[in-house]
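Thanks for coming, everyone; I would like to walk through one structure this morning, beginning with a hairpin and then turning to a sheet.

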Amino acid sequence: MTDSAYELVELANGSWSVRSRETRETFHPVVGPEAEARSLYVEQLRLPERMAAATDGFVLWDVGLGSAANVLTVLRAGRAVASPLRVISFDHTLGPLRFGLKHSARLPYFEGYEPPVQQLLDQGKANFMNHRQPVQWEVMGGDFPARMAEFDRVLEPPAAILFDAYSPARNAAMWTLPLFRNLFRRLDLSIPCNLATYSRSTMLRVTLLLAGFWVGAGEATGGKEETTIAATDPGLIPKLLGAEWLTRVKRSTSAEPLLEATYQQSPLSDANRQRLELHPQFQRERTGIRD
Ligand SMILES: C[S@@+](CC[C@H](N)C(=O)[O-])C[C@H]1O[C@@H](n2cnc3c(N)ncnc32)[C@H](O)[C@@H]1O
């Protein structure tokens, strides 16, 4: 089933996922949209309990809205939560969302959410009740790295980030150190924030650490034996990367962060090795401090 830029592909377990024909990447390639969104984002970021505890409201950034499987799975998991939720979705195209809604018969995660999705497509925002939870959902178009670099633009800082771009080899601009540094500067360090993403690459983990995050190994999901969680507060990360990981980084042939939107792999530079060693995450281990 195809439109010009997107198609639906059936996965081995019988579920369906959207695929971009241009990048030749399937959005949720192994276990399917809901299962991946649940284990990678909803559970790892502990969203239902964190949203429920945020009685003044919770801000979620959804980077790479795509066809909204991640956001809609978060919404479904949050229906018993009464605290307000504000979702800011980023994408430079609404094409996959339009495509997904059109083919929602094969994408059951849309069920019940068709009206707010249609409103988001028509007006760029949707305010609605997600059962008990008041939701304000807004889409920010344009190039995400450029948005992060626009310091005059005020964006509400998030308490959680779903980071779901195409892979670094196909979409290098979304994985650079300057981008993550700009993103980190937009966080409010008085609001604990965690971020999950499907990649477990050394290059990405080094990038997140050098941008200022604490970083840990995330659970297996969607056929990947590990994923990645980053946070502004180490208490939000169950398995922080430690000295053993740092030793492996120094031997890796693909650890140096991308500085621009061209994918290339190289060992960690001496300057970045020194910066990493000075990161509180590794200093703390050296001094034996544990939470
Ligand atoms: C893997 S898909 C996201 C899937 C989505 N999270 C879902 O649940 O269906 C990646 C998305 O990132 C968006 N994207 C890629 N590069 C971007 C950029 N430079 N700025 C904004 N969005 C971008 C793509 O348009 C695409 O929709």
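Let me begin with the hairpin that β1 and β2 form, which has five residues between the two strands and, in its turn, G14 with a positive phi of about 90°. Before going on, please keep in mind that this is a predicted model, in which local features need pLDDT of at least 70, side-chain atom pairs count only at pLDDT 80 or more, and totals for chains, interfaces and linings use all residues. Residues are numbered from 1 along each chain as its sequence is written.

Strands here are DSSP runs of E of at least two residues, numbered from the N terminus, and two of them pair if DSSP finds at least two bridges between them. Strand β1 (residues 6–10) runs antiparallel to strand β2 (residues 16–20), with five bridges joining them, and Y6 has S20 as its bridge partner in β2.

In the loop between β1 and β2 we also find N13. Is N13 buried or exposed? N13 counts as exposed because it has 9 C-beta neighbours inside 10 Å, where the cut-off for exposed is 12 or fewer other C-beta atoms within 10 Å, with C-beta atoms placed from the backbone. Leaving aside neighbours within four places in sequence, N13 is in contact (C-beta atoms, placed from the backbone, within 7 Å) with V31 and G32.

Now to the sheet, which is open, has eight strands in the order β6-β7-β5-β4-β8-β9-β11-β10, and shows mixed pairing. β6 (125–130) and β10 (214–218) stand at its edges with a single partner strand each, so one side of each is left without a neighbour in the sheet.

Note on methods:
Helix = DSSP H or I, 4+ residues; strand = E, 2+ residues; numbered from the N terminus. Buried ≥ 20, exposed ≤ 12 C-beta atoms within 10 Å, placed from the backbone. Contact = placed C-beta atoms within 7 Å.
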